[in-house]
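Here are a few friendly notes to read alongside the structure. Take them one at a time, and keep the view open as you go.

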Amino acid sequence: MSNTIGNCRLGVDIGGTFTDVVTVRDGRLHVAKTPSTPEAPDEGVMDGVTKSQNDVGFRSNAVGFFAHGTTVATNAVLERDWAETALITTDGFRDVLEIGRQARPDIYDFDVREPVPIVERDRRFEITERLDERGRVETPLEESTVDAVAAELAASNIDSVAISLLFSFENDEHERRIRDRLQNAGVDVSYSLSSEVLPEIREYERTLATSLNAALKPVMDTYIGRLESSIDDRGIPATMQIMQSNGGIIGAERARQRPINTLLSGPAAGVQGAAHVAALDGIDDVLTMDMGGTSCDVSMVRDGDPLVSTEVEVGDYPIGVPMISVHTIGAGGGSIAWIDDGDALRVGPRSAGAVPGPVCYGRGGDEPTVTDAQLLLGRLDPDAFLADELEADVDRVEAVIEERIAGPLDMGLEAAAQGILDVANANMERALRVVSVERGYDPREFGLVAFGGAGPLHAGALAAELDIPRVLVPRTAGVLSALGLLITDLIHDFSTSMVRRLPDVSPSELESVFAGFERDGYERLAGEGRDDDEIELERSVDLRYVGQSFELTIPLSNGDVTAETLEDAAERFHGRHERRYGHASPSAPLELVTVRLRARGLVDTPDLVASETDGCADEAIRQQRDVVYDGTVYETNVYDRDRLPVDASFDGPAIVEGGESTVVIRPEQHATVDEYGSIIVETDQ
Amino acid sequence: MSGPPETTDEESTGVDAVTLEVIRNACTAISEEMNANLIRTGYSPNIKERRDCSCAIFDADGDMISQAENMPVHLGAMPFSVAAALERYPPETLSPGDAIMVNDPFQGGAHLPDLTLVTPVFAEADDGETIIAFAANRAHHADVGGSTAGSVAADSTEIYQEGVRIPPVKLFEGGDVVEDVMDLILANVRTPEERRGDLRAQQAANETARERLRDLADKYGIERLGDAISEIQDYSERRMQTEIAQLPDGTYEFADVLDDDGQGNDTIPIEAAVTIDGDEILVDFDGTAAQTAGAVNAVFAVTASATYYAVRCVTDPDIPPNEGAYRPIEIEAPEGTVVNASPPAAVVGGNLEVSQRVTDVILGALADVVPDRAIAACQGTMNNITFGGVDPRDDTPYAFYETQGGGFGGRSSGDGMDGVHVHMSNTMNTPAEVLQTAYPLSVERYEYRPDSGGAGHHRGGLGLRRDIRVRDHEATFSLLADRRTHPPYGINGGSDGTVGDDKLIRDGDERDIDPKSTHTLSSDDVVSIRTPGGGGFGDPADRDLDAIRRDLELGKLSAERAQAQYGYDHRESESDDA
């Protein structure tokens, strides 16, 4: 292997509150949490590394692998805090970036706003040139129009330039000539070309991705530069890897060029971590739910791989690059319960957040939240709040729920608390259903992996409602993202649109496109330390029926493209279309739209050693408490997660505390601990 | 802490606040699931990409429980389809596995391209299988026959020219398709296989709902579920009443016009008197023009939809749309007018254009009553264009239909949005690269129309300009648009938006195109559609100087116009700053 320098692997994930550092040495996993430092996130990273070094006791030069999930690009988008950027387009098309797809974001809300354009109109310039749909020059590039733009840019404070011309995915010559001419004219900024960032058909999506990439480049460059020098100063020999939104990592150098590919860096790592722990138990199809204080992220893993989509939105913007498909619902532990003017009990989307937080945090919160309801029903331990230097004030929680919910609705206190949970669960159940149905799947065929602080509190009830047979709560629920970083391959995705009817596609032309991608893939991965035998290539094409406007990605076999390869692909397309959409038309003509290659540099995943606790489940019982389930009080065993041995097996009702979250096992459910320390909750049939 | 679960329940007949919200979520999830399935299994781009379809469920009496709509114009219209289906097929004549198809605008439909499928849902009760609910969905089909490809004929004068007319008929019986009926429908359309695929998807969507509704009945029992559904409708009614009660009592009137009907009849008035009386609203369209010879007639269902939409926007949009929400709204639309047309009127433009003007007059009437949600007129048209011909690249016939966005009205919270679909429509545009690849047409220019938004404290949104060139062939072109002579109105002292303006550019010469007309175009002809801007909100004198400067910098406002409308002198202001 190429990782011979050190035996220590580090995964670092920056969250809103904490920066998590996961260390794996000799198969043993260690987790360090330090406060995040939003003003200079790299400082929080180095604090976490220091804490790990102190806890685990390793020297800097023992670090042979360093992977990082970063929120720098995401935060820049959410806060619109990015570089001064200009955009260059074909004559007549500078407004495409702002018009978008002409739909308004909300149908009934008269106050709704359109997203702020990434580049404002006075910084969008037009160039005289035009290609046709096959990339043939229809209007030659008029260089005087480029020179005019150069003069304007030279006199401005622009840091970054995006160039996005019509049909540049068929022919990138005009985009390159414009960049070269601007550079020669002394416009010394960073450049992003649409033919490089997202060479795919649909000008709005391509122009948006290119503009966003341009706006983020200087931001990412500064951040990675600072972090790399800190790592160097520390004497860590590993080159930094960055998690991308598509579920693979890339070298930091590449991330500087393509910050757009890191927008969902953190969540993607979480889903990868969840897929990994589920696969260890032989569960390849899972829904994942990461529920925190304000929201719940839901995604889907099929055959061990997270589903990837090119239609994910970040902030107000639809991002056309492949990303792990994460659906966010406004339901978290801090979601506020309220009664609307039709007398229905509602939960969220408003959240008490971290400050003031739920009533039980005692930080001045005076509106009842989901967490307060959990506390009142006995699922959370009032004493546990002390660990976070918070004093749970149960009397105050009771008073608030009585005053705001139970009293007005003329209900008992517990019925009101249970009602808050039922309504919150109904919202999440609806989201989980629609997320699966949209893809053509039935949630009953999936397992559910629950993580984040609040996920394991709700997962059992959701699984029961959705008839999901198994819930898996990983041992490292709170740091799954950091773990995900350690088990993920290096991935470089290449693509270009080539819209042709299938019979018009020349196998040799297609082969040469793939060959070009493969050369680049080998080159990049070699630069990132992969040997040839650690590289896998996955070819695919996006096909559709002629006249339709959506495509399916169909994998191709490796080896030279022949007429037979294309026939094979067509056959697979009909099969997949039938499964996904319920019908197929084998006699209808097909069209090639986009050619894709994924170059994968394999990473040897650490073998995790099972925990060494022995004894039986009963010995892990910490206390017994009254817990209310659906209106009935049960005397419930409360287990200490750290003392639960492998293969422990016990019936609900039960509560398991520890491992950064609380697991609720309902009366009709049964729990076991697998050899990796995950808790598996199954509903008795 | 004590007691079995029953003790926490309310008395057995009532439905508590929690059950209400949980079952309401379940019902909403059913409509959303139907919708997701319809979009997923739909065959044509019109359903899959433009999402011109909606799904809903109804109780055993045919009253709506919940709806997932992608198109506002479907909002209130589907209950009419269910009512028409039940009138033709009373519940005792229906069996499990039956489904009823309808598109006749004069019997529960809206315009012919919208096909609606209604499916009864049965469950096992003490006295045998009984109907507990209905599932229904509506999809806009890309062609239903008639005089022009795409079935949006701007020049039709009778419904018989607009396509195949389907009164409520059983398309499925006992779970099987009724082949005779299917054959009859498909024989009358230009693309039968695509229609068959879309109809199959519509059937599958209703089946999803059937399964889920039966699960709900199993879980809660038929009677308890029925109680909860009534309570969900009562809940929406209560919330709607609470909202209306906050509005000042009185009768508020407003009048506006459609430009013309394409058959030589100009200036077609639409008038509304909106009466707020306690917690009820009455909308009376007395004074509206008699139905007209052209295609701009709306049936009552379309008028009702537009009315519900307008009321929903000025009350709380969070109120779940169901039968209860509409109980406090009464609509009087005299028969034989453009807002309640009788057979055999041509109606395709009713859905597309009249619906927009109905919205404009109701919002105009209520502008002073709901100051926080008041809005100047939006572009008020969908700017429908259709191209047809033979693609010279492969000698196959093609038909291309799309609609264009324009200016949103200035509003109390800020400027109108630039270049969006407004009110009753919300479909997406066709990317220029996709258009040119799929059809022998190319977009030459797609940009904002500077100066088109009405001046105001908050200006109207800008219209769009879209130029499309015909490449290497002869094509037919049809335009169906409005707001070409009568501009979108401003309110509270704001100026009107700029009217739309359409040109044919041939050999360098520009000539006007009539807004409702059909043409034959030659190779290299360019059609330039310039859509209306929104009206302005409030006195232009109150406009923030920075906002004027910013529009000047962005090229959304010209120096001449800034001077004329705001009295803003560019140079003078700059020297002031210096």
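**Notes on the two chains**

1. Let's begin where the chains meet. This is a predicted model, and in it 61 residues of chain A are in contact with 64 residues of chain B. On the chain A side, the elements giving two or more residues are helix 3 (96–99), helix 7 (203–234), strand 22 (345–351), helix 12 (413–438), strand 29 (621–629) and strand 30 (632–640). Which of these gives the largest share? Helix 12 of chain A does, with 12 residues. By type, the chain A side that touches chain B divides into 25 nonpolar, 13 polar and 23 charged residues.

2. Stay with helix 12 of chain A for a moment, and look at its neighbour, helix 13 (residues 455–466) of chain A. Their axes come within 10 Å and cross at roughly 60 degrees. The crossing of helix 12 and helix 13 of chain A is right-handed.

3. What meets what at this crossing? From helix 12 of chain A come Asn425(A), Met428(A), Glu429(A) and Leu432(A), and they meet His458(A), Ala461(A), Leu462(A), Glu465(A) and Leu466(A) of helix 13. The residues of this contact divide into 5 nonpolar, 2 polar and 2 charged.

4. Now find Glu591(A), in strand 28 (residues 590–601) of chain A. Is Glu591(A) buried or exposed? Glu591(A) is buried because 21 other C-beta atoms lie within 10 Å, and the cut-off for buried is 20 or more. Setting aside residues up to four places away in sequence, Glu591(A) touches Val499(A), Arg500(A), Arg501(A), Leu502(A), Leu543(A), Arg544(A) and Val546(A). By contrast, Cys8(A) is 583 residues from Glu591(A) in sequence and 49 Å from it in space, C-alpha to C-alpha.

5. Over to chain B, where 4 strands form an open sheet in the order 8-9-10-11, with mixed pairing. The edges are strand 8 (250–260) and strand 11 (329–332), each pairing on one side only. From one strand to the next, the twist averages 20 degrees.

6. Two helices of chain B pack on this sheet. Helix 7 (residues 300–314) touches strand 10 and strand 11, and its direction makes about 140 degrees with that of strand 11. Helix 9 (residues 348–366) touches strand 8, strand 9 and strand 10, and its direction makes about 150 degrees with that of strand 8.

7. Finally, zoom in on one pair of strands. Strand 9 (residues 266–277) and strand 10 (residues 280–284) of chain B run antiparallel and are joined by 5 bridges. In strand 10, Glu280(B) is the bridge partner of Asp277(B).

Technical notes:
Residues numbered from 1 in each chain as written. Chains lettered and ligands numbered in written order. Predicted model: local features only at pLDDT ≥ 70, side-chain atom pairs only at ≥ 80, totals over all residues. Pairing = 2+ DSSP bridges. Axes fitted to C-alpha atoms, helices over the stretch in contact; angles between N-to-C directions. Contact = placed C-beta atoms within 7 Å. Nonpolar A, V, L, I, M, F, W, Y, C, P; charged D, E, K, R; others polar. Buried ≥ 20, exposed ≤ 12 C-beta atoms within 10 Å, placed from the backbone. Left-handed = near helix turned anticlockwise from the far one by under 90°.
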